[in-house]
Amino acid sequence: MLLSLAQSALPIGISGIEKRFGAVSILSDLSLDVAAGEFLTLLGPSGSGKTTLLMILAGFVRANAGSIKVGGEEIITMPPHKRNIGMVFQNYALFPHMNVFHNIAFPLKQRHVSAAETAERVERALDLVQLKGLGERRVDQLSGGQRQRVALARAIVFEPRIVLMDEPLSALDKSLREHMQIELRNLHRRLGMTTVYVTHDQREAITMSDRIAVMNAGRIEQIDQPEVLYARPQTKFVAGFIGESSFVPVESRNGSVWYEDRKLRMTTTAPSAGRHLMVVRPEKLRLVADADEAGGVNLLPATVGDVIYQGDSFVCYATLRDGRQVTLRDYCRSDVLAKLPAPGEPITLGIDAQDVVLVADQ
Amino acid sequence: MSLASASLDHASRRDGALNGDALNADARREARGMLALLSPGLFLVFAVIIVPIGWLFWLSLFDESGQLSAANYARFFEQASYIKTFVTTFKVAFTVTGACILLGYPLAYMLSQLPRRAASICLIFVVLPFWTSVLVRTYAWLVILQRKGLVNTWLMDLGVISQPLPLANNFAGVVIGMTHIMLPFLVLPLYASMKTIDVDCLRAGMNLGASPAATFRQIFFPLSLPGLASGVVIVFVLCLGFFVTPALMGGGKVIMWAMRMEQTTSLYSNWGAGAALGVVLLGVTLALLGLFHWLLGARATGVWSRR
């Protein structure tokens with residue numbers, strides 16, 4: 001038997017949230033809808049306001065204005081202990097004077113759950129996070145990964161309507177972090193709770209989320225599924241923050257887009273006239289021989305700066321004719337390696353028409 | 001043995017390790033150097049702590065005629081005044097410690113919750129009395145608390161009381177004066193330990209459904225206990241040996257251990273009896289410290305986490 005969260009998962013409607021600390025605006029007119037059972041990630045650099053938003057959701061920080069509705073019920077003025085929201089803290093915030101069992105039983109004790117049921121539910125929660133039999137351990141006897149699991153069990157044992165996670169994996173080492181990402185993702189699939197997850201790690205966000213809200217300077221820049229966010233970034237910030245990007249200046253005039261004197265082939269309609277930036281991902285670029293200009297490939301003449309061998313792949317830094325640096329990455333297949341250029345050599349880079357993404361030049 | 005020692009056998013004779021002798025000699029030299037650096041401190045401890053305590057103990061074994069006897073210790077059981085002094089000392093120490101907890105815990109809690117800047121300003125007021133002589137502070141309390149002192153005059157002027165309250169030259173006076181002096185010794189360690197309590201633990205408590213009061217009771221208070229315990233130990237032990245304030249504020253009616261010692265040595269010149277008092281006080285204090293240590297040790301092994 002699993003905990004039954006799926007039925008109780010509720011949507012969250014966040015609208016018009018304002019938060020200022022003195023004269024400094026942290027969040028400005030922020031609105032966001034999270035569907036019931038969705039895994040939504042707030043992704044952004046430090047200082048982008050993502051943790052503040054999470055704190056406002058949990059009720060630890062008071063907003064200056066705005067509304068938070070959980071399943072239609074307004075909770076913006078509700079004290080934290082009545083919100084029924086589970087939270088996993090960055091440093092776990094386990095109670096050091098209680099053992100694992102009492103930590104997980106804590107929310108049940110506050111809800112006056114009977115001793116027998118408490119024991120049963122704690123047991124199930126421990127089982128769920130693969131810590132069966134560790135109930136009597138003291139918190140300081142646990143490893144980082146185990147503490148993380150206890151914090152998680154404690155946050156879901158009382159079947160909250162919503163689970164919030166504040167960079168819960170940032171204190172773990174890389175391999176354990178990647179393992180826990182998959183585990184958290186699976187746990188979410190099984191339990192189906194509405195989850196708001198905060199991280200500054202774009203790879204973690206892409207791995208785990210149904211949707212990602214990219215935050216910058218207190219605003220949401222773009223909110224989309226990971227694939228869409230990566231393939232179709234709408235702003236220069238999003239393109240730069242998610243994945244690697246080089247930016248190539250292009251100009252839109254008379255309904256088409258020009259890179260220097262070449263007309264760009266693209267599958268989307270040209271944006272308004274003026275200067276724009278083409279987002280160039282390292283893996284979307286490829287080396288082409290001058291001859292095969294046929295088929296929707298855009299060609300960028302360049303000079304090789306440096307070629308770095310990385311085992312499974314190589315990275316080629318190239319300089320365009322206008323002096324701009326672009327990066328090309330490809331796997332070390334023998335056919336690619338055969339035509340690998342030497343530093344200083346002139347080359348032609350190709351980018352497919354459907355891979356051309358333009359963002360405003362801010 | 002490592003490859004290096006196998007191929008370079010000639011380089012070492014005793015334990016077969018490369019440069020083994022030189023490294024051992026280096027370790028011994030470092031240990032000698034450390035000991036040399038420690039020696040002034042060790043000498044000081046020996047000269048001003050070990051020797052006087054040994055001497056004190058030695059003195060306590062001789063009666064007034066210089067004969068080796070247990071008379072000085074037998075007195076504790078035979079003379080009612082000794083027992084009374086002993087009881088009074090503990091009564092004062094317990095009451096003052098209790099009063100310090102009642103006043104100090106809320107104060108330390110408030111300080112720990114204040115923003116850092118405001119807290120450091122308030123801490124100055126907590127520490128301020130340290131910069132004034134105990135004697136001056138005690139006389140100040142006498143002025144405030146005596147029959148025609150500030151408190152009684154004001155209360156009578158306001159019509160709250162018709163007779164002056166007996167606040168000085170008695171047990172109450174001793175407790176008030178000593179509480180004032182002891183309070184910082186409780187507040188400072190308590191404040192320091194409260195500052196180390198993770199704010200996220202309190203947030204987690206509320207997040208998990210505990211009201212602010214329940215969070216305080218179930219999380220903050222238990223986590224502040226180690227700090228409280230160390231404050232209590234300091235205050236209690238200092239109270240046991242306190243002299244100036246009870247001597248002045250007690251009006252001769254409240255005789256504590258240290259005052260008894262002073263009487264015995266300076267009034268009756270009975271050094272053996274005075275020394276025995278000192279030895280017993282030291283013994284009781286060490287026993288109490290051991291008890292507290294044992295209680296704190298029990299906490300560390302998780303006794304407190306079981307309910």
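Two strands count as paired if DSSP finds at least two bridges between them. Helices (H or I, at least four residues) and strands (E, at least two) are DSSP runs, numbered from the N terminus.

**Entry 1: ground rules.** I am working from a predicted model, in which local features need pLDDT of at least 70, side-chain atom pairs count only at pLDDT 80 or more, and totals for chains, interfaces and linings use all residues. Residues are numbered from 1 along each chain as its sequence is written, while chains are lettered from A and ligands numbered from 1 in the order in which they are written.

**Entry 2: confidence.** I looked up pLDDT, the predictor's confidence in each residue, from 0 to 100. The average for chain A is 89, and 96% of the residues score at least 70.

Entry 3: I started with strand β11 (residues 246-253) of chain A and strand β12 (residues 256-259) of chain A, which run antiparallel and are joined by 3 bridges. I noted E251(A) opposite W258(A) in β12(A). S252(A) has V257(A) in β12(A) as its bridge partner. The hairpin has 2 residues between the strands, and N254(A) takes a positive phi near 50° there.

Entry 4: The open sheet has 5 strands in the order β13-β12-β11-β14-β20 (chain A), with antiparallel pairing. β13 (262-263) and β20 (357-360) of chain A are at the edges, each with a single partner strand, so one side of each has no neighbour in the sheet.

Entry 5: I checked Q354(A), which lies in the loop between β19 (346-352) and β20 of chain A. A residue is buried if 20 or more other C-beta atoms lie within 10 Å of its own, exposed if 12 or fewer, and partly exposed in between, with C-beta atoms placed from the backbone. Q354(A) is partly exposed, with 13 other C-beta atoms within 10 Å. From Q354(A) to N254(A) I read 100 residues in sequence and 21 Å in space, C-alpha to C-alpha.

Entry 6: β6(A) pairs in the parallel sense with strand β7 (residues 162-166) of chain A over 4 bridges, and M87(A) has L164(A) in β7(A) as its bridge partner.

I then looked for nonpolar cores, meaning sets of buried Ala, Val, Leu, Ile, Met, Phe, Trp, Tyr and Cys residues joined through C-beta atoms within 7 Å. The largest has 106 residues, of which I104(A), A153(A), L164(A), A213(A) and V214(A) touch the most other members. Apart from it lies another core, of 42 residues, including L183(B), L188(B), V235(B) and L277(B).

**Entry 7: positive phi.** H112(A) is not a glycine, yet I read a positive phi of about 55°. H112(A) lies in the loop between α2 (100-110) and α3 (115-128) of chain A; this residue is exposed, with 8 other C-beta atoms within 10 Å. In chain B, N19(B) has a positive phi near 60° and is likewise a residue other than glycine. N19(B) is in the loop between α1 (3-7) and α2 (20-59) of chain B and counts as partly exposed, with 13 C-beta neighbours inside 10 Å.

Entry 8: The domain assignment, whose bounds come from an automatic or database source, gives chain B domain 1 (3-59) and domain 2 (81-305).

For contacts, I took C-beta atoms placed from the backbone and lying within 7 Å. 18 residues of chain B are in contact with 22 residues of chain A. On the chain B side, α9 (199-207) and α10 (212-240) each supply at least two residues, and the largest share, 6 residues, comes from α9(B).

Key: Contact = placed C-beta atoms within 7 Å.
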